[in-house]
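Open the structure in your viewer and keep the sequence panel beside it. The tour goes stop by stop, with a selection at each one.

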Amino acid sequence: MEFQGGCHCGNIRLTFETEIPPSEMVLRACQCGFCRKHNTIAAADPDGRLSVTIRSETMVNKYRFGLDTAEYLIC
């Protein structure tokens, strides 16, 4: 299965490929201030594939929260 998404302006595009059916996908909501503010929900598949395409890198900022376990791309 393939799921597509991205940012509101279209500069960042994502493609998530997984063999896990949506009905079996475990969704998680982080409780940090950044994720709560942006209403993010995360899914993961160790055997899946995530592709990120950026149209203009000059419009992108990187954000890392305290634990340095993830890096977010923000327009």
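Which residues is alanine 44 in contact with, leaving aside its neighbours within four places in sequence? Select alanine 44 and look around it: the contacts are Phe16, Ile20, Met25 and Arg28. Bear in mind that this is a predicted model.

**Stop 1: the loop**

Stay on alanine 44. This residue sits in the loop between H1 and strand E3, which covers 49–54. Colour by accessibility and alanine 44 comes out as partly exposed, at 41% relative accessibility. The C-alpha atoms of alanine 44 and glutamate 24 are separated by 11 Å. Along the chain, these two residues are 20 residues apart.

**Stop 2: the hairpin**

Next, select residues 2–6 and residues 12–17. These are strands E1 and E2, and they pair in the antiparallel sense over five bridges. Together E1 and E2 form a hairpin, with five residues between them. Pick out glycine 10 in that turn: its phi is positive, at about 90 degrees.

Zoom in on threonine 15, which is found in strand E2. What stands opposite threonine 15? It is glutamine 4. Is threonine 15 buried or exposed? Threonine 15 has a relative accessible area of 18%, so it is buried, the cut-off being under 20%.

Show the surroundings of threonine 15. Setting aside neighbours within four places in sequence, its contacts include Glu2, Phe3 and Gln4. Arg49, Leu50 and Ser51 are also in contact with threonine 15.

**Stop 3: the rings**

Turn on aromatic side chains. How many aromatic pairs does the count come to? It comes to four. Take phenylalanine 34 and tyrosine 63: their ring centres are 4.7 Å apart and their planes lie at 20 degrees, so this pair is stacked. The pair links distant parts of the chain, 29 residues apart. Phenylalanine 34 belongs to helix H1 (residues 33–38), and tyrosine 63 to strand E4 (residues 61–64).

Phenylalanine 34 is buried, with a relative accessible area of 18%. Tyrosine 63 is partly exposed, with a relative accessible area of 30%.

Phenylalanine 34 lies in helix H1 and tyrosine 72 in strand E5 (residues 71–74), so the pair ties together parts that are 38 residues apart in sequence. Tyrosine 72 counts as partly exposed, at 23% relative accessibility.

Now show Phe34, Tyr63 and Tyr72 at once. Ring pairs link them into a cluster.

**Stop 4: the salt bridge**

Finish with the charged side chains. Side chains of opposite charge can pair when their charged atoms come close. How many salt bridges does the structure hold? The structure holds one. Select arginine 64 and glutamate 71 to see it. The closest N and O atoms of arginine 64 and glutamate 71 are 3.3 Å apart.

What about accessibility at each end? Arginine 64 counts as partly exposed, at 48% relative accessibility. Glutamate 71 is partly exposed as well, with a relative accessible area of 40%.

How values were computed: Residues are numbered from 1 along each chain as its sequence is written. This is a predicted model: local features need pLDDT of at least 70, side-chain atom pairs count only at pLDDT 80 or more; totals for chains, interfaces and linings use all residues. Side-chain values use heavy atoms; hydrogens and water are left out. Two strands pair if DSSP finds at least two bridges between them. Helices (H or I, at least four residues) and strands (E, at least two) are DSSP runs, numbered from the N terminus. Buried means under 20% relative accessible area, exposed over 50%, partly exposed in between (1.4 Å probe, protein chains only). Contact means heavy atoms within 4.5 Å. Rings of Phe, Tyr and Trp (its six-membered ring) pair if their centres lie within 6.5 Å; planes under 30 degrees apart count as stacked, over 60 as edge-to-face and the rest as tilted. A salt bridge is a side-chain nitrogen of Lys or Arg within 4 Å of a carboxyl oxygen of Asp or Glu.
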